[in-house]
Structures are given as structure tokens and as C-alpha cells.
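Here's a quick tour for anyone meeting this structure for the first time. Have the sequence and the model open, and follow along.

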Amino acid sequence: MLVLPLVSPSKTSVAEKQAAARLHPALRTLPRSSEGQGPGATAVVYCEANFGALDGKTANGLVRHSEKYEILAVIDSKNAGRDAGMVLDGEPNAIPICRDLTDALECVDGVPSHFIFGMAPASGMLSSHERGLVLEAIDLGMNVVNGLHEFLSDDPVFAAASTAKNVEILDVRKPRAKKDLRMFSGRIADVTCRRIAVLGTDCAIGKRTTATVLTRALNACGVKAVMIGTGQTGLIQGARYGVALDAIPSQFCTGELEATILEAFENEDPDVIVIEGQGALSHPAYSTSSFILRGSCPDGVVLQHAPGRTSRCDFPRMAMPAPATEINLIQTFADTKVIGLTINHENMTDAEVGAAILLYELELGIPVTDALTRTPDNLVDMVLRAFPELAEEPAAVAR
């Protein structure tokens, strides 16, 4: 097993901050627009005491990339007064972090159209304080975007408040009616383009970010790619195709994902479909990875791993698996192949990332990169090495 010397996970080193500051433009320049949500869709994101942390992954993702909403401010009293980009990636982005909702409204000089709950707590529920805050936002005339398992539109108090103020509550995880849910049909065999799933060795490890960077990089080099979102954050960001798998009854998970992939294939005629992963196949707390492997039947898998993470997120007594172990499990569970490993550089210096890339390539015999601190061209090369026929497409050759 590969063993790497790592810095203490409780501190962020200067070298780590410098590595974050060198984020490649493939992610740094992702647009923050209101496209797809109507004109003037602006938002403040609530992420109290969690911005930049694991439970703040929805807010983190929105600050990095949002096609639906222009993010005007983040609420987090712990980081109040700082720039959101500096906290997240060491690169300023002019999104202020504010003490509370009142402070946020003063910072943005008006009332945004949307209030987004930007945290993903393990409970999936609002606290009593957070209920009051959401009701305050509704009273101010803000639409509410909620990614929790608690559906606010079904709550009589929130429903009455939103009706009174003529605003919308969007429960992103709320599935369609059971009578409309789709079963697996086997029609995934009709999808003739390459399908690549981005899985991980843990939850909240960067699978969605890597999938986003990979999709953009492929499109930039002339290989038409479409991403399928499978969690609440990707859907809030504006994924054109997606389903919040962890809110779907298990009998329908593979069918809903299969149907979503079919829609993307038939509508877009892509060369590659990239499927965002959830959880980890080896993680006993999550079953979504198994549904993703079954429903998408991927031709290849990119595995995301955090060498600096000693235990599973939210499970301190559960050690992180080695990439080789997870790769063996994935390739045993499904008729697919792991085509590359991507590094989550949390708690690592840039030198440690470089060492991990070299050592894992030697150990695993597959390409290894970091989607954020290394060029996205490495991700493209990873895919073309596994599927060389993609490089033969006229647009791809022009690269």
C-alpha cells in the first residue's frame, strides 16, 4: 500500500494555499450567470460556520460555478468580512461573506431573488433557527432553493408563507410522483457514446467538481460532452440533465438514472456522457454508487481520492480505503474499468500532490492528476488514452 508523508489535517499550510491560488482557469472562469433561471436570478447562499468545509459543499460548489444564479453573497459569521474566493481557493472573486441575512442585504444593496440553503448536513433537516431564517427570507420576498431531504413546500407553515408573499419554494431533492418514476429498461444499451462515471473513495471528496472540470475540458478540445448531475448541488448549479438519486425510492434509482442518460443522449448527441458520482461503493452508509454503476453501465470510471484524509467524512472510526482496494471493488462489481485516478489535495502541499501523482501512477499503472491544481489537459489525455477513437473525431483532432 502506498504511504505518503502528509501535513496535519487540522491546519492549512502556506504551500496548500499557494497551490489553491494556482487553480487552472478551467474551473476559475466558470460563469456565474442567471442563464436558465430567467433574467435577474440572483442569490445569497446560507452556509453558517461551514463555508469551505465539507458540510458546506453546496455553497462551495455554487461559489465556484453556477449557471442558474448569480451568487451575490455568502452568509457565514465565522468567515464574515472575507472574500469567498479567497477562503475557498485562495483566489478573490468579489463575493463577500456576511455575518447574517441583514448584513448580506446591506452588502448587495437590495434583496436578491433567491435564498439558497447551501449546506448538506448529515441530518438533512433544518434546525429551529434555520427555519426562522428561511421564513425571514420568504417574508422579504425571496424565493427559496432547498437541497435538503426535508421538503419545505410540503410544510404547511412554509407553504402558507410562500403563498402569502407570492414566492416559490424549490425543493431540489423532491422526486416526481411515484406513478411517474421510471424502472430500469435495459435501453442503456442504446446509448452508443462513451459513458464515464466519476466515483470516489469517500463522500464530499470532489467528484462533482472533477466531473465538471472534465466535461468542460472535453468540450474545449472538441469532444462533445454532457454531464449528468446526481446530487442536489449539481442540480442547483444548473445541470441540464440530472436526478437527486439519494431521494429516489431504491426500486427506481437505476431506471431514473438510465432514463436521464437516454434523454441527454437523444437530445444532445454527445461523444461522451460524464456521470457525477455519489458516496463511495465501499462506504456502508451509501448505496448510490451501486445505483450509478448499474444505471449508467459506464465504459470507464475516474476515481477521486484524498490522500490527506485519514478517515471517512463524518465517520472518524472508519479508515479511508486505499485506491487499489476501491478500484478492485468497482471492477469486480461492474463490467467496467477504472481509467484514471484524480487527487483531492485537501491537507496536502503542492509537493505532496506531485509526489502522490507519481507514486500512484507507479503503483496503479493508470494516469493520475489533480483536476484543480494541474492542467485539465491531463483529464482529457486520461480519457483519450482509454478511448483513443475519440481522438479520431474531426473536432478532437483539431485540438
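R173 is a buried residue, since its relative accessibility is 8% and buried means under 20%. Keep in mind that you're looking at a predicted model. R173 forms a salt bridge with D246, and the closest N and O atoms of the pair are 2.8 Å apart.

**The R173 and D246 pair**
- While R173 counts as buried, D246 is partly exposed, at a relative accessible area of 36%.

**Other salt bridges**
- How many salt bridges does the count come to? The count is 20.
- One of them joins the side chains of E268 and R240, at 3.5 Å from N to O.
- E268 belongs to helix α10, and R240 to the loop between α9 (232–237) and β9, so here the parts tied together are 28 residues apart in sequence.
- Is E268 buried or exposed? With 16% relative accessibility, E268 counts as buried, whereas R240 is exposed at 65%.
- R374 and D350 also form a salt bridge, with 2.9 Å between the closest N and O atoms.
- R374 comes from the loop between β15 (368–369) and α14 (377–386), and D350 from helix α13 (residues 350–364), so the pair links parts that are 24 residues apart in sequence.
- R374 counts as buried at 19% relative accessibility, but D350, at 23%, counts as partly exposed.
- There's a network too: R176, R182, E256 and E263 are joined into one by salt bridges that share partners.

**Nonpolar cores**
- As background, nonpolar side chains tend to be buried together in soluble globular proteins.
- In this model, the largest nonpolar core has 45 residues.
- Which residues have the most contacts inside that core? They're F51, F115 and I116.
- Take F115: if you leave aside its neighbours within four places in sequence, its contacts include V44, Y46, I75, L101 and L133.
- Also in contact with F115 are V134, A137, M142, N143, V144 and V145.
- Another core lies apart from the largest one and has 40 residues, among them L181, Y241, F265 and Y360.

**Positive phi angles**
- Most residues other than glycine have a negative phi.
- You'll find A49 in the loop between β1 (42–46) and α3 (57–64), where A49 is partly exposed with a relative accessible area of 37%.
- D314 also has a positive phi, near 70°.
- Where does D314 lie? Look in the loop between β12 (311–312) and β13 (315–319).
- D314 counts as partly exposed, at 48% relative accessibility.

**Confidence in the model**
- The average pLDDT of the protein chain is 90, and 88% of the residues score at least 70.
- Residues 5–39 are a stretch to treat separately: pLDDT stays under 50 there.
- For residues 5–39, the model has 81 contacts beyond four places in sequence.

How values were computed:
Residues are numbered from 1 along each chain as its sequence is written. This is a predicted model: local features need pLDDT of at least 70, side-chain atom pairs count only at pLDDT 80 or more; totals for chains, interfaces and linings use all residues. Side-chain values use heavy atoms; hydrogens and water are left out. Helices (H or I, at least four residues) and strands (E, at least two) are DSSP runs, numbered from the N terminus. Buried means under 20% relative accessible area, exposed over 50%, partly exposed in between (1.4 Å probe, protein chains only). A nonpolar core is a set of buried Ala, Val, Leu, Ile, Met, Phe, Trp, Tyr and Cys residues joined through side-chain atoms within 4.5 Å. Contact means heavy atoms within 4.5 Å. A salt bridge is a side-chain nitrogen of Lys or Arg within 4 Å of a carboxyl oxygen of Asp or Glu. pLDDT is the predictor's confidence in each residue, from 0 to 100.
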